[in-house]
Amino acid sequence: MTALLDITDLKVTFNTRYGQVTALDGVSLHVNAGETLGVVGESGCGKSITALATMGLIPMPPGRIAGGSIRLAGEELVGASPARMRAMRGADIAMIFQEPMTSLNPVFTVGDQIAEAIMLHQKVSADRAFKDAVALLDRVGIPSPADRARDYPHQLSGGMRQRVMIAMAVSCRPKVLIADEPTTALDVTVQAQIFDLLNEIQRDFGAAIVLITHDMGAISEMADRVAVMYAGRIIEEATADDVLDFPQHPYARGLIDCIPALGREEHALKEIPGVVPPLHLLGAGCAFAERCEHANDRCRQEKPLLVNHDHHPAACHAVEEGRI
Amino acid sequence: MTKLLDVRDLTVRFAMPRKGLFGPRPLLEAVRSVSFTLEKGRALGIVGESGSGKTTTAMAAIRLTEAASGQVLFEGEDLLALPDEEMRAHRRNVQLIFQDPYSSLNPRARVIDIVREPMDLMEMGTMEERNARVRDLFKLVGLRPDQLNLFPHQFSGGQRQRISIARALTTNPKLLVCDEPVSALDVAIQAQILNLLARLKDELGLSYLLISHDLGVVRHVCDDVAVMYLGKIVEHASRSALFDSAQHPYTQALLSAAPSLARRKSKGYVRPLKISGDPPSPINPPPGCAFADRCPRAQDICREVQPDLEDKGPTRVACHFPGPIAA
Amino acid sequence: MTDTPDYKAESPAREAWRMFRRNVPALVGVVILSFIVLATLYGTFFYAGDPYNVVWAPHERPGVTPEFPLGTDYLGRDILAGMLTGGGPTLAVGAAAAAITMVIGITLGSLAGFYGGWVDNLLMRITEFFQVLPALLFAMVLVTLFSPSLWTIAIAIGVVSWPQTARLTRAEFLRIKELEYVTAARAIGARNKRIIWKVILPNAMPPLIVSATLTIGIAILFEAGLSFLGLGDPNVMSWGLMIGANRDYILDAWWPVTFPGLAIFFTVFAVSLIGDGLNDAFNPKLRER
């Protein structure tokens, strides 16, 4: 069976004032229908660029897709015409953003905005579309949806706005739903509601979800499989249980151990020293070597490949050599 | 144990814009008669969601926001009653670390001047002594002395937070107020700052008032925890009592909402307690318990009578029906 | 631990200067303005001549007599001498008016923005009062009431143009005073005076500097306008005065008006280019490109 969304060896470069930098360096990912893939990493690791590339929303220039392919249900998206991409966006593949306030238009009611999204892709009357919008608001758990549909975005709370975004995103029953840090701007009790809602929607609609997050806790509750990204490459990929219970790459281990988790109460948290290196300063070796306690000369000179080890794929010389 | 800070019935109101041209300005009660104490050498975490009044409480307690009424006894002296000049002199004892390491450092000053400024204002020692102290503090918080002459924009978020901490420590304060000290940082960097805060507390015998929305952060740094909801403390207990046997349904909801590695999608997790909706508006708070609308245990009395914060079993809790989560 | 690559300590002002140096139009502005300033300061060393003396036949065309390359005016006075002598007062009035504008505008704007409440209300009403006055008319009244000297002209221009600076300063103060580093300054016990002058004002300066350069340009035009209407200081040669004195004969002789007019045009143009360049240099969003 081929995957619903299949990204192979994707390369994205950007022209910056430091010259050309490689934001994505051979990223391969796939998601099956009804599955949630978590993409996790710190800011600047390339997880949002991957999402934008999939949506065909990389600003070009300065960006450029330098190689690789993105296939949605067998159809190649890299090099697809802008008209074709527009038809796909919203209908076959939809996205939920981090800040629902800035992604909703403040001068239209939320009902009208959802109805418009429906009419863009389906030949239905305005009345029908508005009724569908109200039904969708009801589906995403907004109380008295007929009244709320006539509200403007600023009249709703942050959690309600994110529900509206979700309603809009699923309005055309997309095959793939990309959620880019959907709860970062929300309170924790509201975040829990949104997570539960996304899981329910997936059960009902059978959509594939790509969840982009920096939070291993969110991965644990939401994801079936996980790809850990660092400096534009995937450094570990496996089922969520495998990554969380048996992380291989030192960076993945660090990300899990550095969380001040509720269940644990050790004296000092494990630290990952330093910060993510800027893309224009990446050398020939492993991008994580500077921050890694296991790094040796080989790590600093040769980029490790994502290959299967004892447990699951990880891109690390130290794992490969059995040093950790 | 000695009380460092004793906050009594602290209330803060903000005037909102008028509704009509001549209408009265509606008052928003952000903090509603909050009382708590903080003992020397301990860390109290104030937890709550946005709009709970946790930041306002801390800011009013150190008089950076004006309180409408109440007392703040700092080593027995009421800070709210001090004349301005005496309060200024008191500032050396009470320092502050902000949430946003990007906006809390003056972008047009060198970091050596930023860290030295509190000593300049207090006229402590000679210039050489002050600069020497800045150098020591830089080492203490894990920065290099050769970075002293740089400007804030040349540092990463985590390093800026270290600078912020160094500035707060210059005057040897007794109390450090930390307002969401790590929520703007990447997860891997959060651990660095939390470990630093924990180490400084032990080494320097500091007391913390730590505001956070993240229970994990509070659990890591704090000895005691107060949970706020709509301007009131709803539960207050030692760390272990609060995390192991929370009595208030809101605390329990917070604990079950926090993402946890223990809840796996593959295992088909179930949240022990789900709540729906958002907090009510603080402009017209409900007459009874503010949480009643979202609470699975609410009865008629909850909507009519405000519960007081009282010792009930393992924690101090403001709830008519406290107790563990019903199975 | 190597957290950051080693940067040199570069202040925000220095960084802005680095950006400014790369901006070609702004550098052209600097070159033009430097040439004009140098010419008005030192031009008379190389080209001595009294602009007030009648030295030749009136309305001599430029380029005909080598002694008077730009020709003579309706009285037979040397135009090039007038240009070189008159530039100084023109530029001085512009700079003085801009300085007066800045002092009044920044003082009132910062007090209004920082203290808010009734102080803000009062100061903003005063500002609005001055803003709705027809500027040219009001300046004319001031100049006619007091004898038209360079100083009264500079003051008149300053008095009518400060409200914009005040509003800009106030807006910057309102924005910056909410930032955490201001709360941080208060938390370490800084007094209001220090917060206004040492913390907020330096951070509010970039847009104010840009606005000041533009004010210089506007003030020079203003001075020219007043002189053109015959309200300039008749005892001091300035570009505006030259235009004003020769305007009646513009159909007979274009050059006595055109040369000072071009000088004013290039000065204001150069100042605007510099102002735009400063704006780009201070604007951090453009910096990323």
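Predicted model: local features only at pLDDT ≥ 70, side-chain atom pairs only at ≥ 80, totals over all residues.
Residues are numbered from 1 along each chain as its sequence is written, and chains are lettered from A and ligands numbered from 1 in the order in which they are written.

In chain A, an open sheet is formed by 4 strands in the order β2-β1-β4-β5, with antiparallel pairing. Helices (H or I, at least four residues) and strands (E, at least two) are DSSP runs, numbered from the N terminus, and two strands pair if DSSP finds at least two bridges between them. Strand β1 (residues 5-16) of chain A runs antiparallel to β2(A) and is joined to β2(A) by 10 bridges. Helix α1 (residues 47-55) of chain A packs on this sheet and touches β1, β2 and β4 (63-72) of chain A. The direction of α1 makes about 75° with that of β2(A); axes are lines fitted to C-alpha atoms, for helices over the stretch in contact, and angles run from 0 to 180 degrees between N-to-C directions.

Chain B is divided into domain 1 (1-18 + 41-222) and domain 2 (243-327), the bounds being taken from an automatic or database domain assignment. The C-alpha centres of the two domains of chain B lie 30 Å apart. In the contact between them, 7 residues of domain 1 meet 7 residues of domain 2, two residues being in contact if their C-beta atoms, placed from the backbone, lie within 7 Å. Helix α7 (residues 215-221) of chain B contributes the largest share of the domain 1 side, 3 residues. By class, that side has 3 nonpolar, 2 polar and 2 charged residues; Ala, Val, Leu, Ile, Met, Phe, Trp, Tyr, Cys and Pro count as nonpolar, Asp, Glu, Lys and Arg as charged, and the others, Gly among them, as polar.

Chain B also holds an open, mixed sheet of 8 strands in the order β6-β7-β8-β3-β9-β10-β12-β11. Because β6 (94-97) and β11 (310-312) of chain B each have a single partner strand, one side of each is left without a neighbour in the sheet. The twist from one strand to the next averages 20°. Strands β9 (residues 224-229) and β10 (residues 232-238) of chain B pair in the antiparallel sense over 6 bridges, and V225(B) stands opposite A237(B) in β10(B). Helix α5(B) lies across β6 and β7 (175-179) of chain B, at about 175° to β6(B).

The axes of α5 (residues 157-169) and α6 (residues 187-204) of chain B come within 9 Å and cross at roughly 15°. This crossing makes α5(B) roughly parallel to α6(B), a term for angles under 35 degrees. Residues G157(B), G158(B), Q161(B) and I165(B) of α5(B) meet I189(B), Q192(B), I193(B) and L196(B) of α6(B). This helix contact comprises 4 nonpolar, 4 polar and no charged residues.

Between chains C and B, the contact takes 20 residues from chain C and 26 residues from chain B. Helix α7(C) gives the most to the chain C side, with 6 residues.

Terms used:
Parallel < 35°, antiparallel > 145°, perpendicular 65-115°, else oblique.
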